[in-house]
Amino acid sequence: MKGNRKTLFAVAALAVVAALMLGIWYFTRPQAQEGAKTVVVEVVHADESAKEFTYHTDAEYLGELLLAEKLVEGDDSGFGLFITTVDGETAQDSLRQWWCITKGGKQTETGADTVPIADGDHFELTMSTY
């Protein structure tokens, strides 16, 4: 009986901690900015050439903007948009390539569909290998 109480207490404590962490994330996550904004997207190709694209948009999330402007193509996965092609260049699985999304040089923590955009943001899409 004593072992069951300890297990029940541990499970309850874990549930409380998980709920607190979820609540903290929910209230501190980056918020999308409504309305008109200007966003720069820099594309760094496999040959290290770079192009900058400046967009004026009402989109709230990066994936929405990139698809609307036809800068990217990709597959819709269970985790959102998986970018396969940027500015006409397709990542090759055989070369272990993928498109890395960074904002101001720091890798984003989520996929393009959930990266909020704000006026003046600068994003980079870089062909990378793993």
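The model is predicted: local features need pLDDT of at least 70, side-chain atom pairs count only at pLDDT 80 or more, and totals for chains, interfaces and linings use all residues. Residues are numbered from 1 along each chain as its sequence is written, and side-chain values use heavy atoms, with hydrogens and water left out.

Strands are DSSP runs (E, at least two residues) numbered from the N terminus; two of them pair if DSSP finds at least two bridges between them.

| Open, three strands | β3-β4-β5 | antiparallel | β3 (72–77) and β5 (89–90) |

Six bridges link β3 and β4 in the antiparallel sense, and Asp76 has Leu81 of β4 as its bridge partner.

A pocket here is an open set of points on a 1 Å grid over the protein atoms alone, where a 1.4 Å probe fits, with protein on both sides within 12 Å along at least five of seven lines. Lining residues have an atom within 4 Å of a point.

There are 15 residues in the lining, and Leu81, Phe82, Trp99, Ile101 and Gly111 lie nearest the centre. The elements giving two or more residues to this lining are β4 (80–86) and β6 (97–103). By class, nine lining residues are nonpolar, six are polar and none is charged. Nonpolar covers Ala, Val, Leu, Ile, Met, Phe, Trp, Tyr, Cys and Pro; charged covers Asp, Glu, Lys and Arg; the others, Gly among them, are polar.

Conventions
Helices (H or I, at least four residues) and strands (E, at least two) are DSSP runs, numbered from the N terminus.
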